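Keep the 3D view open and follow the points in order.

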Amino acid sequence: MGCVEDLWRALSRLQLAERELGDVLGQVTRLAAEHVPGAESTSITLVRGDTATTAAHHGEMSLAADELQYDEGYGPCLDAGRAGVVLRIDDTHTETRWPTYVARVVEVGVRSSLSMPLPYQGTTIGALNNYSTKPSAFASEESAEAAREVAEAVAVAVANADAHALLGEHARNMELAMQSRAVIEQAKGVLMAQRHVDADAAFDLLREASQRYNRKLRDIAAGIVDSVVGPPRR
């Protein structure tokens with residue numbers, strides 16, 4: 001349990017907030033290489049739709065092995081990421097699954113590997129990949145347990161990044177909505193003064209113009225305001 005306990009401590013110190021996802025994943029792959037028994041090189045494959053990419057890697061062997069799988073269109077990291085299953089190769093010299101891939105990956109030094117799916121909101125979004133130049137490097141339960149811990153940390157980091165992106169998008173949408181409301185209120189004031197109508201009637205005029213010309217209400221309002229005060233100076 002020593003390696004796993006050390007990994008728990010290292011992951012607990014991992015700073016997720018206010019950091020780019022790539023930086024966090026780069027640190028996670030390094031922790032995996034240090035704490036997953038047998039790992040010499042590690043990578044994180046993220047699968048979005050039909051596209052798979054290596055989001056981070058520690059050691060060139062993992063990147064080369066991942067790219068061979070992307071080129072073939074199948075392999076343990078892709079299958080683990082898509083199907084949500086743990087896939088282990090004990091010896092690429094005797095492995096009969098993925099025959100084209102294992103024949104090629106031997107050339108970059110891979111003798112054994114462990115691909116752990118990344119859990120995310122009831123599905124999987126990719127895989128944590130661990131590679132070794134030695135056979136049966138990941139046969140122990142400790143290797144699998146440590147890889148599961150790292151995979152969960154990756155999923156949390158991705159979830160935080162997605163939430164941060166959604167929060168930023170929400171803030172931008174709120175700002176646009178506030179800007180739209182401000183220009184619409186200005187246009188209503190112009191129409192109230194020009195047409196001698198109340199606020200509700202002014203809004204009705206804006207809405208009718210929007211429907212008549214098939215343009216957004218905000219654009220109609222901005223045109224009315226610009227006609228009075230002129231366009232903003234650049």
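1. Serine 136 is partly exposed, as its relative accessible area is 41% (buried is under 20%, exposed over 50%, and partly exposed lies in between, with a 1.4 Å probe and protein chains only). You will find serine 136 in the loop between E5 and helix H6 (141-195). Its phi is near 55 degrees, a positive value in a residue other than glycine. Helices (H or I, at least four residues) and strands (E, at least two) are DSSP runs numbered from the N terminus.

2. Please keep in mind that this is a predicted model, in which local features need pLDDT of at least 70 and side-chain atom pairs count only at pLDDT 80 or more, while totals for chains, interfaces and linings use all residues. Residues are numbered from 1 along each chain as its sequence is written, and side-chain values use heavy atoms, with hydrogens and water left out.

3. Histidine 196 also deserves a look. It has a positive phi of about 55 degrees although it is not a glycine. Histidine 196 sits in the loop between H6 and helix H7 (199-213), and it is exposed, with a relative accessible area of 71%.

4. Now for the whole chain. It contains 8 helices and 5 strands, and along the sequence they follow the pattern α-α-β-β-α-α-β-α-β-β-α-α-α. Of its 234 residues, 39% count as buried.

5. The 5 strands form an open sheet in the order E2-E1-E5-E4-E3, with antiparallel pairing (two strands pair if DSSP finds at least two bridges between them). At the edges are E2 and strand E3 (87-89), each pairing on one side only. From one strand to the next, the twist averages 20 degrees. E1 and E5 are joined by 6 bridges in the antiparallel sense; threonine 42, for instance, has asparagine 130 in E5 as its bridge partner.

6. How far apart are the end C-alpha atoms of H3? They are 19 Å apart, which agrees with the 18 Å that its 13 residues should span at 1.5 Å a residue (the expected span is 1.5 Å times one less than the number of residues). The buried residues of H3 are Met61, Ser62, Leu63, Ala65, Asp66, Leu68 and Gln69. They pack against strand E1 (41-48), strand E2 (51-58), H4, helix H5 (99-105) and strand E5 (123-132), where contact means heavy atoms within 4.5 Å. After H3 comes glycine 73, with a positive phi near 85 degrees.

7. The axes of helix H3 (residues 60-72) and helix H4 (residues 76-83) come within 8 Å and cross at roughly 70 degrees. That makes H3 roughly perpendicular to H4 (angles under 35 degrees count as roughly parallel, over 145 as roughly antiparallel, 65 to 115 as roughly perpendicular and the rest as oblique). Axes are lines fitted to C-alpha atoms, for helices over the stretch in contact, and angles run from 0 to 180 degrees between N-to-C directions. Asp66, Gln69 and Tyr70 of H3 meet Pro76, Cys77 and Leu78 of H4 in this contact.

8. Finally, aspartate 79 lies in helix H4 and is partly exposed, with a relative accessible area of 25%. Leaving aside neighbours within four places in sequence, aspartate 79 is in contact with Tyr74, Gly84, Val85, Leu87 and Trp98. Aspartate 79 and alanine 127 are 48 residues apart in sequence and 8.8 Å apart in space, C-alpha to C-alpha.
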